[in-house]
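Open the model in your viewer and keep the selection tool at hand. Each stop below says what to select and what is there.

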Amino acid sequence: MAKKKRVSYIRGKGVSKLRLAYENHEVERHQNIEHYKDIVYQCGKCGTCRTVYKDAYWSRICPSGEFGQFEAYFLGGKNLLSWAVTSDKLKWSEDLAKIFYHCSVCLACTQQCQIPEIHHYAGEWLMAMREEAVRLGFGPMPEQARYTEHINKEHNPYMEKHEDRTNWLPSHIKQSPDAKIAYFVGCTTSYREQNVAIATAEILNSLQIEFKILKDERCCGSPVYMTGQAEKAKKIAEENVKMFKDEGIEKIITSCAGCYRTLKETYPKKFGLDHGIEVIHMPKFLLDMVNSGELKFNKEINMKITYHDPCHIGRHMGIYEPPRKVLNKIPGIELVEMDRNRHNAWCCGSGGGVRSAFKDLSTFAADERIEEAKGTSAEAIVSCCPFCLNQFKTHIKDNEIKAFDIAELARKAI
Ligand code: SF4
Ligand code: SF4
């Protein structure tokens, strides 16, 4: 029997880098489902991934499972199904594909599993199963196919015109045509949360950062990639990288957690597009500016807030502290935590194609997060992803709690 090698185990850090699981078996990220079929079977079907393993009072953690109320929707069930199809014990079907798409790929379940290979790699096979569904013609879901078509035509998933993308841009924003820094606004910020774009551009102007918005900015491809359409997403990525290079971009600042993860992680690691461009998410940029003394918050914002960790920068990228540090620097802000925070945060229910394809599941997840935020007595839920923000604003009833992006608060405090 092969001797087991000890794997290093970094709890709460999200998906890890390459690790040796067993001798002669190097587990890699971003592979097809065949690559994972042996380690999927390590799942003991114990159900630990249904609740927060430690802290947060063993709260429930999986929107898909809690909504579906059936084992197949939890990670343990998805593992068993993945093993069954890769061992020819179960055939692909539309119903099977639907189960895998009934998941926001929030990765909260992976954080709870104490089997290192599952903890670190389950997110990889949740994605690999979607890619397999697409390859076999069972995915994506019809609504996801519709927005993909629109992205290919108009470069956004919101059924908006490409020519309207910069309608949010006010005339007082100063750009530098030769800048090497691009503010990558993203589709949600451009079309749905323009306040975030304006606040971000105004902050950059106030710091006298030479930046520009790409003349022909387009969707980063995240909604296409996250629904298993890797080949189509790769084509979008290649076109984007060419545009960045043609425009002489060396650094990109993003508002959106999904754009950030896609440009920084998916482009080079999944698509092999080693663009060499520095990609930074707005909260980290703000923190760097505060730490260097270039950004000062002079105005008080007297508000009790709670912070929602977006899955795409939290569990997907391991970034939890910079947004909190920035918020704590704003005078008058009182930051209180929800029970489920950082790697244990409950997903807002907008990601992974869920919001377009399964509105009931998406609403279920959003409502639960909003209730949790209200339970802290905070006046506002703050995030740093326009998709989460838009999800909260859509589902908050009777103005019982407000929702902001971190850039909006930072702008007010300058
Ligand atoms: S994924 Fe991990 S926690 Fe979930 S059932 Fe399997 S072994 Fe248990
Ligand atoms: S990724 Fe999120 S929604 Fe999907 S099974 Fe895991 S916890 Fe549930």
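Helices and strands here are DSSP runs, numbered from the N terminus: a helix is H or I over at least four residues, a strand is E over at least two. This is a predicted model, in which local features need pLDDT of at least 70 and side-chain atom pairs count only at pLDDT 80 or more, while totals for chains, interfaces and linings use all residues. Residues are numbered from 1 along each chain as its sequence is written, and chains are lettered from A and ligands numbered from 1 in the order in which they are written.

**Confidence**

Color the chain by pLDDT, the predictor's confidence in each residue, from 0 to 100. The chain average is 94. Of the residues, 94% score at least 70. Now select residues 1-20, where pLDDT stays under 50. For this stretch the model has 33 contacts beyond four places in sequence. (Two residues are in contact if their C-beta atoms, placed from the backbone, lie within 7 Å.)

A residue is near a molecule or strand if its C-beta atom, placed from the backbone, lies within 6 Å of it. (Ala, Val, Leu, Ile, Met, Phe, Trp, Tyr, Cys and Pro count as nonpolar; Asp, Glu, Lys and Arg as charged; the others, Gly among them, as polar.)

**Ligand 2**

Move to ligand 2. Its shell holds 15 residues, with C62, S64, C103, C106 and C109 the closest. Helices α2 (63-68) and α5 (108-112) each supply at least two of the shell residues. The largest share, three residues, is from α2. Here 12 residues are nonpolar, three are polar and none is charged.

Select Q69, in the loop between α2 and α3. Q69 is not a glycine, yet its phi is positive, about 50 degrees.

**Helices α4 and α6**

Show α4 (residues 94-101) with α6 (residues 116-135). They pack at about 145 degrees, with axes 10 Å apart. (Axes are lines fitted to C-alpha atoms, for helices over the stretch in contact; angles run from 0 to 180 degrees between N-to-C directions.) A97, F100 and Y101 of α4 meet M129, R130 and A133 of α6. Five of these contact residues are nonpolar, none is polar and one is charged.

**A cis bond**

Go on to P140, in the loop between α6 and α7 (142-154). What kind of peptide bond joins G139 and P140? It is cis, with omega about -5 degrees.

**Domains**

Zoom out. Color domain 1 (19-135), domain 2 (162-288) and domain 3 (296-413); such bounds come from an automatic or database domain assignment. The C-alpha centres of domains 1 and 2 are 31 Å apart. Seven residues of domain 1 touch seven of domain 2. On the domain 1 side, three are nonpolar, one is polar and three are charged.
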